[in-house]
Amino acid sequence: MARLLHLDASARRTSFSRALSAEVAAAWRAATPGGEYVYRDLAADPVPHMGEAFTELVYYTLEHNITDISRYGEAVRTPEQAAAWAIAEPLLAELAAADGIVIGTPMYNFSIPSTLKSWIDHVTFPKMSLRGRAFVVAGARGGAYGPGTPREPYDHEERYLRAFFEGHFDVEDVEFVHTELTNALLDPALARRLPEHERSRAAALARARELGAALARRTAPAGSADSAGVSPGVSRTADANGPAGGTADANGSAGGTADAAGAREAGAGR
Ligand SMILES: Cc1cc2nc3c(=O)[nH]c(=O)nc-3n(C[C@H](O)[C@H](O)[C@H](O)COP(=O)(O)O)c2cc1C
């Protein structure tokens, strides 16, 4: 049975990224009758920052070349480490069990919310691999960061997540869709760019539905009529030091409609 893990990270309840990720999830669920769906709200139920005991688990797995997710628990040796593992273990179990992962996230300060970063910190161990899984990131940002815009170099949201999922998690299938220029609804200096925001939002919602349907094909069990040939995740045993391979490529955002001339203004108005 196919499984979808759906995360949201916006600190507000009525949010563009939540709307987009919900669209992806709804399309996946509509195309995956009987599929298993797990939802986690990282803003309402935040994962705490990792402490020293958690780092000890990470270093132990590195030192003992434990790369199989099901063996990470062997690193627990103290009550403090057991407490840290009690936070990470259910998050990791959810992630490892998922075939598809959709993440709704805003851009905060050119990057991702700390709530999402804390989740990543807790589900990441050295040399782990989530190969075979598919990720969709549904983002929202106040400005415009699409290819060719002056603000493109400042997009450390898509660039970071793509680099991390591909470079460390070893995932080949990572898609992004963004609603841009949401600040045009608030900032008088951006009011004239409202039509661009509206076009971006409409394109992103349509793209989110496409990505949800594509994700359903991708996560369909092997051999089923809808299967796109998903292979199960495996642990990586290569001798990489930390994040392996994979350079970031920020191209491919959907919904990036800003022209270069106006993008500086949009970014400044974030
Ligand atoms: C604390 C904070 C930081 C933000 N930083 C940026 C930023 O660096 N660049 C940007 O374009 N928008 C920025 N924004 C605007 C949000 O990205 C925008 O409002 C987006 O729509 C939020 O996502 P949501 O609608 O899913 O909540 C920021 C908003 C907040 C509240």
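**Entry 1. Overall layout**

I opened the predicted model and counted the elements. The protein chain has seven helices and five strands. I then read their order along the sequence and wrote down β-α-β-α-α-β-α-β-α-β-α-α.

I looked up burial next. The protein chain has 270 residues, and 51% of them count as buried. I also checked how far apart in sequence the contacting residues are. Among contacts with a separation of 6 or more, 80% are between residues 24 or more positions apart. For the surface, I noted about 11800 Å² of accessible area on the protein chain, with 52% of it belonging to carbon and sulfur atoms.

**Entry 2. The ligand**

I listed what surrounds the ligand. There are 18 residues around the ligand, and the ones that come nearest are Ser10, Ser17, Met107, Phe110 and Thr182.

I went through the polar distances one by one. Ser17 places a polar side-chain atom 2.5 Å from an oxygen atom of the ligand. Thr182 also has a polar side-chain atom by a ligand oxygen, at 2.8 Å. With Gly143 the polar atom is a backbone one, 2.8 Å from an oxygen atom of the ligand. On its own the ligand has 630 Å² of accessible area, and the protein covers 81% of that.

I turned to the interior. In soluble globular proteins, nonpolar side chains tend to be buried together. The largest nonpolar core in this model has 40 residues, and those touching the most other members are Leu116, Trp119, Phe125, Phe135, Phe165 and Phe169. I checked which elements supply this core: E1, H2 (52–63), H3, E3, H4 (114–122), E4, H5 (158–167) and E5 each give at least two residues. H3 gives the most, with six. I also found a second, separate core of 17 residues, with Leu20, Val136, Val177 and Ala216 among them.

**Entry 3. Phe169**

I picked Phe169 from the list of core residues that touch the most other members. Phe169 is located in the loop between H5 and E5. Is Phe169 buried or exposed? Phe169 counts as buried because its relative accessible area is 0%, and the cut-off for buried is under 20%.

Setting aside neighbours within four places in sequence, I listed the contacts of Phe169 as Val123, Thr124, Met128, Ser129, Leu130, Arg131, Phe135 and Phe164. For one of these, Thr124, I took the C-alpha separation: 8.1 Å from Phe169, across 45 residues of chain.

**Entry 4. Gln81**

Gln81 has a relative accessible area of 3%, so Gln81 is buried. Which side chain does the Gln81 side chain join in a polar contact? The partner is Glu56, at 2.8 Å. Beyond four places in sequence, Gln81 is in contact with Ala53, Glu56, Leu57, Ala75 and Val76.

**Entry 5. Helix H6**

I finished with H6, which runs over residues 194–219 and has 26 residues. From first C-alpha to last, H6 reaches 36 Å, close to the 38 Å expected at 1.5 Å a residue.

The buried residues of H6 include Ala204, Leu205, Ala208, Leu211, Leu215 and Ala216, but also Glu196, His197 and Arg218. What covers the buried residues of H6? The cover includes strands E1 (3–8), E3 (100–106), E4 (134–140) and E5 (173–179), together with helix H1 (16–31).

Note on methods:
Residues are numbered from 1 along each chain as its sequence is written. This is a predicted model: local features need pLDDT of at least 70, side-chain atom pairs count only at pLDDT 80 or more; totals for chains, interfaces and linings use all residues. Side-chain values use heavy atoms; hydrogens and water are left out. Helices (H or I, at least four residues) and strands (E, at least two) are DSSP runs, numbered from the N terminus. The expected span of a helix is 1.5 Å times one less than its number of residues. Buried means under 20% relative accessible area, exposed over 50%, partly exposed in between (1.4 Å probe, protein chains only). Contact means heavy atoms within 4.5 Å. A polar contact is a pair of N or O atoms within 3.5 Å; within protein, one must be able to donate a hydrogen and the other to accept it, and residues adjacent in sequence count only if both atoms are side-chain atoms. Accessible areas come from the Shrake-Rupley method with a 1.4 Å probe; for residues, only the protein chains shown count as cover. A residue is near a molecule or strand if one of its heavy atoms lies within 4 Å of it. A nonpolar core is a set of buried Ala, Val, Leu, Ile, Met, Phe, Trp, Tyr and Cys residues joined through side-chain atoms within 4.5 Å.
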